[in-house]
Amino acid sequence: MDINNRKQEVQWLLSSGNLESGIKRAMDFVKDFGNTKQTIVEIVELSNQFNTNKLDNQLTNDLKQQITFKVLQLLDQAEQDFFKMQKVGKGNETVILLRGISKSFPTNRFHLKNIDADFKLGEITGIVGPNANGKSTFMRIAVGELLADKGELEYPYFKKGNPKINWDTLKYLVAYVPQELPRWQGQLKDNLRYEAALHGILGHENELEVNYIIERLGLTRYQNATWSQLSGGYKLRFALAKALIWKPLILVLDEPLANLDVNAQTLVLNDLKDLAHSFLNPIAVLISSQHIHEIEYVADNIIVLEEGEIKYNGKRSEYGITNEFNIFEFSCSAAPIDLEEAFADISSAKIRSHGYYFSLKTDKTVSTNQVLMALQGKNIEPEYFRDISRSVKQMFLS
Amino acid sequence: MLSKIQNFLIPSFLKRLDFWLLTHKPHIWRTRGHFVVFYCLIAAFLLYFLGKMYPQNFADFYDGDYVKNNSVVLYLKSFLAFTSVGIIMWWYSIQKFSYLRTNFLHFLTEIGIYTLGICSISLFIFSFDHGYSYRQAFQLEKNSREDSLWIVDNGLFCYGYMPHFQPNKESNLAEYFKKGENLDAMLYNRQAIVFNILKDEVKDNNDYISTSSTDAFSYSHWEYPKNQKNYTRPPQYQVPADYVNKILTNDTFWKQEEKRLKFK
């Protein structure tokens, strides 16, 4: 997305009254395209003003207008800076390259077989598959946490400038958010300051980056809280803040959505998508999850692992293009026999029950409209309906 | 509530230092050495005064073994009470923050901080004991001076070496002397010999003259002074050297003594 589209997106969010998202995206914009620390300080202060007033129920329309006006001014400022300085982004360079990776665990008869994969800056790769099928093992090998038995593992982007770069340094460049989050001690903000300082972000810059990430991820309310006072969603968001504060090039998230409610999932995934696709600091994100639809929403690439083997590895948007069939999943209160009658006119239709929902496989020529019309024709109201013809979900239908 | 207590206990300069270390020197900050050193110094200072105020039985000071044994017990108690607890608490606080990567300089710095911290924690031991010993020494000097005055004023220090004047069950030398027993020229000569011994001791010791079990003072005052408990062997005194020296060089004293011994 170029600078004009990015600016229009922020303007649209602000004008449509979605100030919270608008400020977040404006922060990304200023960070990516602005050139002075002052603009970042100002946008952080505006965000803080917005969030604190919102928490205190003192967000008047006048204040909203004032904030919107100032945000737009900062957008213009950042845009001018960008055209003046001609900033260059990092582009989609490969950061991790795996070829023929294999790993065996003889004690539990698990084998990760002949894995090939590339991970690029600014791309989110979703790794999906049933439990105990090698997702975590695969990710740990990819980031140098676990040694493979066979195959090649390279980090071309890091080696480019420094051919003698060692494992220790490489591991230092990877941000890892485990499934079971370890407890934080002390004030949450101090933890963020510490993490940033460990990665060389010192002094005023440290404070600026900490305030930025707190505001950017909407953590203002809990910045002075302790770990035990947080819900599962906020714990993950703080863990994400800790991982992102030092602008890593590789971010690994192991089952981050497991304990989140729908709203929290949406927030986390939206933030992840925006930050990974940053112009100035793009990140290669590896995210494993059982939540296939949610992952598909943010992922640029999908890897499906089953029994330690890759069943699909490619662009999410390209999955299922060559299929000669369509698949729909839906739930309703009708009996299977009524559904058979409803789809009697669609000759290729095959209905299968999966317990509380059904799947319908048809020719490629059958559209969503036709299926819905067929249901309507028999007065069957679907409670849930999804076209999964382009989703890897169809690989998990039993 | 806990944060309010912390705010109260942490002075503002230490908060500023903590924040500066957190945002500039995270490897030092994570050791919490600055808190350890600061609070250990305060605790050492307080313990020093506590040591000085600690109830003491000054009669015990005459027994060198008692003082020595008591010190050992004190060291052990202090070590167990403060050092071990301090180190455990410090270790716990370090566990709070995950350790990432460090270079050799950071590693050396951390080792230095840990060493400084352990030394600070160990100050507990010395500070209490030092305060305790200070008072002991101060009081000992006072008691010793009083005793020495009494001893010298009564001309008793010279009799210890004389086998036929050893104290017995019935009476000690002080009473012997008070009763006005016969004294002869030999006693005077013997006194001179003892003084010569004392002179040598004064040359070697600037502060105190230690009286061992073979010393004249000890044998002379088996049951003296009034604070003395019933010991199975002679107690030891720490006699201020300058006082003894004054006596040894005091002509008036000598003349009085000579007169007293000769004509009594």
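Residues are numbered from 1 along each chain as its sequence is written, and chains are lettered from A and ligands numbered from 1 in the order in which they are written. Because the model is predicted, local features need pLDDT of at least 70 and side-chain atom pairs count only at pLDDT 80 or more, while totals for chains, interfaces and linings use all residues; side-chain values use heavy atoms, with hydrogens and water left out.

Helices (H or I, at least four residues) and strands (E, at least two) are DSSP runs, numbered from the N terminus. Strands of a sheet pair through backbone hydrogen bonds, either parallel or antiparallel. Here two strands pair if DSSP finds at least two bridges between them.

In chain A, 6 strands make an open sheet in the order E5-E6-E7-E3-E8-E9, with mixed pairing. Strand E5 (174-177) and E9 of chain A are at the edges, each with a single partner strand, so one side of each is left without a neighbour in the sheet. From one strand to the next, the twist averages 15°; angles run from 0 to 180 degrees between N-to-C directions, and axes are lines fitted to C-alpha atoms, for helices over the stretch in contact. E5(A) runs parallel to strand E6 (residues 250-254) of chain A, and 4 bridges join the two. Within this pair, Ala175(A) has Leu251(A) in E6(A) as its bridge partner. H11(A) packs on the sheet and touches strand E3 (124-128), E6 and strand E7 (284-289) of chain A, where contact means heavy atoms within 4.5 Å. The direction of H11(A) makes about 155° with that of E7(A).

H11(A) also has a helix as a neighbour. Two packed helices are described by the angle between their axes and the distance between the axes. The axes of helix H10 (residues 232-244) of chain A and helix H11 (residues 262-276) of chain A come within 10 Å and cross at roughly 15°. H10(A) and H11(A) are therefore roughly parallel to each other; angles under 35 degrees count as roughly parallel, over 145 as roughly antiparallel, 65 to 115 as roughly perpendicular and the rest as oblique. Their crossing is right-handed: a crossing is left-handed if the near helix is turned anticlockwise from the far one by less than a right angle, and right-handed if clockwise. On the H10(A) side, Gly233(A), Leu236(A), Arg237(A), Leu240(A) and Leu244(A) meet Ala264(A), Leu267(A), Val268(A), Leu272(A) and Leu275(A) in H11(A). The contact of H10(A) with H11(A) has 8 nonpolar, 1 polar and 1 charged residues. In this scheme Ala, Val, Leu, Ile, Met, Phe, Trp, Tyr, Cys and Pro count as nonpolar, Asp, Glu, Lys and Arg as charged, and the others, Gly among them, as polar.

Another open sheet in chain A has 3 strands in the order E2-E1-E4, with antiparallel pairing. Its edge strands are strand E2 (110-120) and strand E4 (150-154) of chain A, each pairing on one side only. Neighbouring strands are turned by 10° against each other on average, direction ignored. Strand E1 (residues 94-105) of chain A pairs with E2(A) in the antiparallel sense over 8 bridges, and Phe105(A) has Phe110(A) in E2(A) as its bridge partner.

The side chains of Glu309(A) and Lys113(A) meet at 3.6 Å, N to O. This pair links distant parts of the chain, with Glu309(A) in strand E9 (residues 309-315) of chain A and Lys113(A) in strand E2 of chain A, 196 residues apart. A salt bridge is a side-chain nitrogen of Lys or Arg within 4 Å of a carboxyl oxygen of Asp or Glu, and the count over all chains comes to 22.

A hairpin is formed by E11(A) and E12(A), with 4 residues between them. Gly355(A), in the turn, has a positive phi of about 90°. Strand E11 (residues 350-353) of chain A and strand E12 (residues 358-363) of chain A pair in the antiparallel sense over 4 bridges, with Ile351(A) opposite Leu360(A) in E12(A).

Chain B supplies a further helix packing. Helix H2 (residues 12-24) of chain B and helix H4 (residues 33-53) of chain B pack at about 160°, their axes 10 Å apart. That makes H2(B) roughly antiparallel to H4(B), and the crossing is right-handed. Phe13(B), Leu14(B), Leu17(B), Asp18(B) and Leu21(B) of H2(B) make the contact with His34(B), Phe35(B), Phe38(B) and Tyr39(B) of H4(B). These residues divide into 7 nonpolar, 1 polar and 1 charged.
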